[in-house]
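Trainee: I have this one open and would like to go through it with you. Could we take the metal site and then the strands?

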Amino acid sequence: MRTIMRASQHSTTRCSIVAALGLAAFVAVATPVAAQGGRGGRGGGRGTAIPPGESCPPGTTEIRPRSCMAPEAPPPSILDYRPHSTLVTTAHIVRAAKFPAIDYHGHPQSLINSADGLERLGAALDSLNVRMMVSADNLSGARLKTALDAVRASDKMKDRVRILAGINFQNVGPGWAEKAIAQLDADVAAGAVGVGEIPKSLGLSVKKPDGSRLKIDDPELDPIWDECARLGIPVFIHTADPEEFFHPIDYTNERWLELSLFPERRYPQDRFPSFEELMTERDNMFRKHPKTTFVAAHMGWHANDLPHLSTMLDAMPNVYTEVGAVLYDIGRQPRAAHDFFVKYQDRILFGKDSFQPEEYPYYWRVFETKDDYFDYYRPYHAFWKLYGIDLPDTVLKKVYFQNALRITKGLPHAGWPN
Ligand SMILES: [Zn+2]
């Protein structure tokens with residue numbers, strides 16, 4: 001695909017030159033630079049020619065159209081090449097969110113089980129202006145009760161932590177739904193405000209008792225999604241992983257470094273369903289349960305394909321989406337992302353995922369500023385830079401807290417700004 005685009009760009013250029021300069025120019029342009037005896041300008045003429053439409057061989061780079069050359073010095077690895085940007089531009093470091101935020105994708109883990117942990121969580125959230133964290137750690141039964149008791153006993157945090165309930169997907173078959181519903185009803189009665197985060201193992205790896213893969217749209221699961229609608233609680237769900245994790249690990253894969261650092265994130269296609277298959281199952285499930293509110297974590301792994309996510313949100317009014325861990329895709333397309341957030345301002349929730357307080361300010365900076373070309377926090381996710389998408393205050397408030405409040409009746413609704 002990339003090669004084809006490159007070839008057509010070249011032929012467009014050539015046609016316009018032919019039109020402007022006539023046939024003599026066409027002959028010169030069509031002749032590989034290397035064959036022109038140094039006429040390619042300073043540095044030109046030293047490369048090795050390649051036919052139109054081909055890429056440069058490994059170890060070389062294109063120095064003039066269709067002319068490839070290797071650097072004189074041994075090239076650094078992608079780990080060691082860390083160029084310092086010389087760009088001089090205004091920078092706005094945003095340590096605390098402009099409006100109080102709800103982190104809908106919280107993984108506080110054991111921090112919410114004790115007064116001391118809650119105190120530390122609160123101090124970290126205060127410094128970021130995150131007013132509330134929704135725990136998406138799949139708590140249920142006794143573990144849920146322990147956390148709820150600790151939160152209720154904390155003067156500082158009793159209105160600042162809410163918890164989603166987990167669902168146990170083991171042994172899905174006859175009788176499973178009744179048990180799962182009874183447990184969910186008990187968890188919601190105890191104080192859970194929703195379900196989640198439904199883990200990616202649903203679809204990727206959970207098996208039914210007969211050994212077959214439990215599909216996300218399996219009809220045996222239908223009663224539990226309907227129960228969520230009856231209870232009026234949202235379902236926060238993580239399906240699959242970035243599409244590149246399902247692709248071959250070659251040098252065209254944008255996540256090569258991550259997949260090489262963390263081999264367990266690869267989904268070889270002889271052992272796992274494809275990305276498309278999982279997305280189709282998820283969307284079938286969303287469509288089958290129009291009265292259930294679903295929040296697709298990580299922008300459904302479509303942040304790199306906002307036209308696709310637009311189509312989904314247009315077709316499924318019961319679906320919302322959340323921004324955790326996909327900032328690298330939002331911040332690399334500031335104009336398209338700005339327009340997407342404005343258009344779908346009622347459908348996007350803030351969430352961070354992995355609890356690292358020092359990483360939240362990158363989100364604020366992307367959402368709130370129009371800064372250019374700044375670093376992302378995990379170089380192995382994205383070797384590119386980010387840009388601010390400069391959202392208006394009305395949109396920021398919806399993304400930071402208003403949308404979460406609207407779809408989650410169990411969150412404390414008092415004391416938020418207008
Ligand atoms: Zn998560």
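Predicted model: local features only at pLDDT ≥ 70, side-chain atom pairs only at ≥ 80, totals over all residues.

Trainee: OK, the metal then: which residues coordinate the zinc ion?

Mentor: His105 and His107, each through NE2, and Glu197, through OE, coordinate the zinc ion at 1.8 to 2.1 Å. Donors here are N, O and S atoms within 2.8 Å of the metal (3.2 Å for Na, K and Ca), and since water is not among the atoms, sites may look incomplete.

Trainee: What spacing do the donors follow along the chain?

Mentor: The pattern is H-x1-H-x89-E.

Trainee: And is His105 buried or exposed?

Mentor: His105 is buried, as is His107, where buried means under 20% relative accessible area, exposed over 50% and partly exposed in between, with a 1.4 Å probe and protein chains only.

Trainee: Back to the strands, how many residues of S5 are buried?

Mentor: Eight of the ten residues in strand S5 (residues 130-139) are buried, so the strand is mostly covered. Strands (E, at least two residues) and helices (H or I, at least four) are DSSP runs, numbered from the N terminus.

Trainee: What does S5 pair with on the S4 side?

Mentor: Strand S4 (residues 101-106) pairs with S5 in the parallel sense over four bridges, and Ile102 has Met132 as its bridge partner in S5; two strands count as paired if DSSP finds at least two bridges between them. S5 is also joined in parallel by four bridges to S6 (residues 161-165).

Trainee: Which helices go with those strands?

Mentor: Helix H3 (residues 115-128) makes a right-handed β-α-β unit with S4 and S5, and helix H4 (residues 141-152) makes a right-handed unit with S5 and S6. Right-handed means that, with the strands pointing away from the viewer, the path from the first strand over the helix to the second runs clockwise.

Trainee: Changing topic, which residues cover the two faces of S10?

Mentor: In strand S10 (residues 319-322), Val319 and Thr321 lie on one side and Tyr320 and Glu322 on the other, and all are buried. Three bridges join S10 in parallel to strand S9 (residues 294-296), with Val295 opposite Tyr320.

Terms used. Residues numbered from 1 in each chain as written. Heavy atoms only, no water.
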